[in-house]
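Here is a briefing on selected helices and residues of one structure. Keep the sequence and the model open while reading.

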Amino acid sequence: MASTGKKKKIDREFIIAAYMNYVLEHDGYPKTVYKFCIDIKVSEEDFYKFFGSLDGLDKNIWSTFFTTTANAMHKNEQFEHFSSRDKMLTLFYTLFEMLTLNRSYVLFALKRYDMPLKNMTQLKGLRSHIKEFAGELIETDNDEKTSRLVKNPVAVFSEGAWLQFLFLLNFWMSDESPSFEKTDVAIEKSVNTIFDLFDNTPLNNVLDFGKFLWKEKIMSN
C-alpha cells in the first residue's frame, strides 16, 4: 500500500531552520555536511543545491534575516513614500524584531568563537545588504539637493550605518528590558542623530544620545 504521508519540501528555508535547530539542540555546530544531512534526513545533493558549505550556510542565515526584513517592509504600500530617515528607522526596528524572534540562535552564533572579530565573519553578507540599503537612501537624498556642497558622501554614510548596526546589535545583546524597550529607544536616538548630523542640524540630539549611552553604560556595569 502506498504511503499517504506528505513528502517534506526541501528548500533553503527548510535547511536553514533545520540548521538553526541543530545548533541549539546540540549546543554546537555540525562538523561536516555529511553528518548534518544524516541528522536532518536530507541528501547531500539537496544541501548543495542551496549552499556550498556549512560556512556559506552560516553567512546565508544573516543575509536571510535581512531579505526577510526587506520583504516585510515592502509589503507596506506606504513604505516607498517614507522619508529616508523613516526608512532607516523601519529597517532597524523590523530587523531587530527578526533577530528577537531568533534570539537564542543569534546569541549563540555571535559567541561561537573566543575572538570577537572571528564571530563577525558570518555577518559579511549582512554588511553588504545594510551598506547598500543606506547608500541608496543617501543617493536619493543627494539627488534632491541642487548644490554639490551639501551632498553627503555615500561611502561615509553607508559605512556609518553598518557601524551603527553593530553598536545596536551589541546593545540588544545585553538589553534586559521588557520587550527590549531600551533597544527601541537606542534605535530611535541613533538613527535621528545620524540624520541630524548629515542634515547639519544642531547637536542637541547628539548630546542627548551621548547621555543616553553613558547612562546605559553605567547602569549595565
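Apart from neighbours within four places in sequence, serine 63 contacts Gly125, Leu126 and His129. Serine 63 sits in helix H4. The model is predicted.

**Serine 63**

- Serine 63 has a relative accessibility of 16%. The cut-off for buried is under 20%, so serine 63 counts as buried.
- The helix that holds serine 63, H4, spans residues 54-74.

**H1 against H4**

- How are two packed helices described? The terms are the angle between their axes and the distance between the axes.
- For H1 and H4, the angle is about 105 degrees and the axes are 11 Å apart.
- H1 is therefore roughly perpendicular to H4, because angles of 65 to 115 degrees fall in that class.
- H1 brings Arg12, Ile15, Ile16, Tyr19 and Met20 to this contact.
- H4 brings Leu54, Leu57, Asp58, Asn60, Ile61, Thr64 and Phe65.
- By class, the H1 contact with H4 holds eight nonpolar, two polar and two charged residues.

**H1 against H2**

- H1 and H2 pack at about 95 degrees, with an axis separation of 11 Å.
- That angle makes H1 and H2 roughly perpendicular to each other.
- On the H1 side, the contact uses Phe14, Ile15, Ala18, Tyr19, Tyr22 and His26.
- On the H2 side, the contact uses Phe36, Asp39 and Ile40.
- This contact of H1 with H2 counts seven nonpolar residues, one polar and one charged.

- Helix H2 covers residues 33-40, and its Val33, Phe36, Cys37 and Ile40 are buried.
- Why do these residues share a side of H2? They cover an arc of only 95 degrees around the axis, which puts them on the same side.
- Lys35 and Ile38 are exposed, on the other side of H2.
- The cover over the buried residues of H2 includes helix H1 (12-26), helix H3 (44-48) and helix H4 (54-74).
- Lysine 41 follows H2 and has a positive phi, near 60 degrees.

**Threonine 183 in H10**

- Threonine 183 belongs to helix H10, residues 181-198.
- Is threonine 183 buried or exposed? Its relative accessible area is 2%, so threonine 183 is buried.
- The side chain of threonine 183 makes a polar contact with the side chain of aspartate 175, at 2.7 Å.
- Beyond four places in sequence, threonine 183 is in contact with Phe96, Phe171, Trp172 and Asp175.

**Glutamate 188 in H10**

- Glutamate 188 also has its place in helix H10.
- Its relative accessibility is 40%, so glutamate 188 counts as partly exposed.
- Which residues does glutamate 188 touch, not counting those up to four places away in sequence? They are Leu89 and Tyr93.
- Glutamate 188 and leucine 89 are 99 residues apart in sequence. Their C-alpha atoms are 6.7 Å apart in space.

Definitions and conventions:
Residues numbered from 1 in each chain as written. Predicted model: local features only at pLDDT ≥ 70, side-chain atom pairs only at ≥ 80, totals over all residues. Heavy atoms only, no water. Helix = DSSP H or I, 4+ residues; strand = E, 2+ residues; numbered from the N terminus. Buried < 20%, exposed > 50% of the residue type's maximum accessible area, 1.4 Å probe, protein only. Polar contact = N/O pair within 3.5 Å; in protein donor to acceptor, adjacent residues only side chain to side chain. Contact = heavy atoms within 4.5 Å. Arc of directions from axis to C-beta. Axes fitted to C-alpha atoms, helices over the stretch in contact; angles between N-to-C directions. Parallel < 35°, antiparallel > 145°, perpendicular 65-115°, else oblique. Nonpolar A, V, L, I, M, F, W, Y, C, P; charged D, E, K, R; others polar.
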